[in-house]
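Please look over the sequence and the model below before reading on.

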Amino acid sequence: MSFAAPSIGSAGGRSALRAFEFGRTYVVRPKGKHQATIVWLHGLGDNGSSWSQLLETLPLPNIKWICPTAPTRPISIFGGFPSTAWFDVGELSEDAPDDLEGLDASAAHVANLLSTEPADIKLGVGGFSMGAATALYSATCFTVGKYGNGNPYPANLSAAVGLSGWLPCAKTLSNKLQGVGEATGRAQSFPVLLCHGKGDDVVSFKFGDKSSKCLSSTGFQDVTFKAYNGLGHYTIPEEMDEVCAWLRSKLGLDGTSA
């Protein structure tokens, strides 16, 4: 079995056996009636703790946030220096190969974190930068019904949020969706919010813009793309306000604390 990304830190033929040791998971419990659970994924080199502290301050009492920490792995863009990352990344360009093995492992970790949530709870995924890329990849796995490696995708997602990120495997998404009957309907109704700063010097604004257009052109009919003038590779209160309003609307949260 071959993967788009080279094997990191293992002998040539053993890439398929590479183990991913995920770090600590931080949970922010709902302050009110539990209506939705969202797994939120940090960016390259970060951990779940910093985002859990920010998410805890948001006026969303009905959401339980699960903030995992990515495995520490050698990163090609850092010349092999280890960092927390959801998948390996060599360069941010249209033609860079996607680390399907890493993406599948992280998407499976997200699905596993959601697997014990009650049946009446709406499930979502979101993230920042590389975490946003992993969240969007998870959303495409849900709509297609399987991971990149062909294994069935188990979680029933209701929404995805990507801040300052990009869509992995964009070139093959159209073909994947066309091959699955139910995928078209899932894509049409699945809500996605993308936010990106025009001053982003880490993940260029054009990647967010192109990701939005790719999703729309492949049948995702509920894609919202928000651009922020002067915003770099970070988040601001205005953007998080947008995220809150969007989640309340798309997940049908009643905003009560009872």
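Cys67 is buried, with a relative accessible area of 0%, where buried means under 20% relative accessible area, exposed means over 50%, and partly exposed lies in between, all taken with a 1.4 Å probe and protein chains only. The model is a predicted one, in which local features need pLDDT of at least 70 and side-chain atom pairs count only at pLDDT 80 or more, while totals for chains, interfaces and linings use all residues. Residues are numbered from 1 along each chain as its sequence is written, and side-chain values use heavy atoms, with hydrogens and water left out.

Seven strands form an open sheet in the order β1-β3-β2-β6-β7-β8-β9, with mixed pairing; strands (E, at least two residues) and helices (H or I, at least four residues) are DSSP runs numbered from the N terminus, and two strands pair if DSSP finds at least two bridges between them. The edge strands, each pairing on one side only, are β1 (26-28) and β9 (222-228). Within the sheet, β6 (residues 122-128) and β7 (residues 157-163) run parallel and are joined by six bridges, and Gly124 stands opposite Ala159 in β7.

Helix α1 (residues 48-55) lies across β1, β2 (36-41), β3 (63-67), β6 and β7, and runs at about 165 degrees to β3; the axes are lines fitted to C-alpha atoms, for helices over the stretch in contact, and angles run from 0 to 180 degrees between N-to-C directions.

Strand β6 also holds Lys122, which counts as partly exposed at 36% relative accessibility. Leaving aside residues up to four places away in sequence, Lys122 touches Gln35, Ala36, Thr37, Ser158, Leu251 and Gly252, contact meaning heavy atoms within 4.5 Å. The side chain of Lys122 reaches the backbone oxygen of Leu251 at 3.2 Å. By contrast, the C-alpha atoms of Lys122 and Pro152, 30 residues apart along the chain, are separated by 20 Å.

Conventions:
Polar contact = N/O pair within 3.5 Å; in protein donor to acceptor, adjacent residues only side chain to side chain.
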